[in-house]
Amino acid sequence: MKKWAVALTSGMVMLSANAMANDTVHLYTWTEYVPEGLLEDFTKQTGIKVVVSTLESNETMYAKLKIQGKDGGYDVIAPTNYFVAKMAREGMLMELDHSKLPVIADLNKDWLNKAYDKGNKYSLPQLLGAPGIAYNTDTYKGEQFTSWADLWKPEFKGKVQLLDDAREVFNIALLKLGQDPNTKDPSIIKAAYEELLKLRPNVLSFNSDNPASSFISGEVELGQLWNGSVRIAKKEQAAIDMVFPKEGPVLWVDNLAIPSNAKNPDGAHKLINYLLSAPVAEKLALEIGYPTSNIKALERLPKEITEDPAIYPTSEILQKSHWQDDVDEAIELYEKYYQELKAAK
């Protein structure tokens, strides 16, 4: 009788734990991507609570998931396209069940079935990013900035903010040198590092966690910024605009995916479908500005956003753009040099 009671108690504990797991989804995404109130309707509709963790960089996300191993910790993550390819290759992502994701029908077909995830087996696109040169319109004029090389000018000593991301920073040096931003060649990566050391005296800060905030506060007047961050700053009436240099930006897409060790895959599919739905995508685009993958949401957005070339790059800029790709093991070299760059004076 005692053995039966113990077994029954253990079973109840397991059922309780499973019920709790099914009532919660752990979302690991970028700071700006969850504005206040965005997830309230999801919980009302599904009864599922969303616990949000702030994603600071793809590299940090990757390292955390590696450390967690099979134990898991997150149900939905927001990897950038080049990390989708890397994580899928290493078995870190769960295959999506498209039958549970009817929102796919509303997504821009030009964003689907890309080389980093053929058939969208592991991910669905959410937002498009394009970094450019942002500047305070009270201090500078857009025509002062036509090339990434302009950030190296001596008059900008101690004034430039860079995004706190190894690939983003190396991209501008590689483009300045006329090289492929996705190079895996150690000698070219080293040359880019040496070029960045020349830029280092101009660098005031590295910031990827809400980088618009320093422009809004007036702490920074010039630097590398993402298009969505420009929208955030403009909403706060900051004197800011952005141009895309002649070498073009290196584009990326932030996606939604499910880790292979997720505890609540069913809830994860529901959350992804919700986040990509037209009403939510519209609300998010209005809040943070990044171009959305949902065509129906795009049609609802005001022209002040969709016709602002700093937020929605023109077709001319897009033609000059590059796509950020996975660089395999070379990422370790990028990261090594990047940490040395940040430590340099």
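The side chains of R231 and E304 meet in a salt bridge, with 3.5 Å from N to O; the term stands for a side-chain nitrogen of Lys or Arg within 4 Å of a carboxyl oxygen of Asp or Glu. Between domain 1 and domain 2, the count is five salt bridges. The model is a predicted one, in which local features need pLDDT of at least 70, side-chain atom pairs count only at pLDDT 80 or more, and totals for chains, interfaces and linings use all residues. Residues are numbered from 1 along each chain as its sequence is written, and side-chain values use heavy atoms, with hydrogens and water left out.

Where do the two domains lie along the protein chain? Domain 1 covers 24–129 + 252–310, and domain 2 covers 131–248 + 321–343; such bounds come from an automatic or database domain assignment. The C-alpha centres of the two domains are 25 Å apart.

Contact (heavy atoms within 4.5 Å) links 26 residues of domain 1 with 27 residues of domain 2. About 2,100 Å² is buried between the domains, and carbon and sulfur atoms give 49% of this area. Buried area here is the accessible area (1.4 Å probe) that two parts lose on being put together, summed over both. On the side of domain 1, Y82, W252 and A310 lose the most area to domain 2, together 29% of what that side buries.
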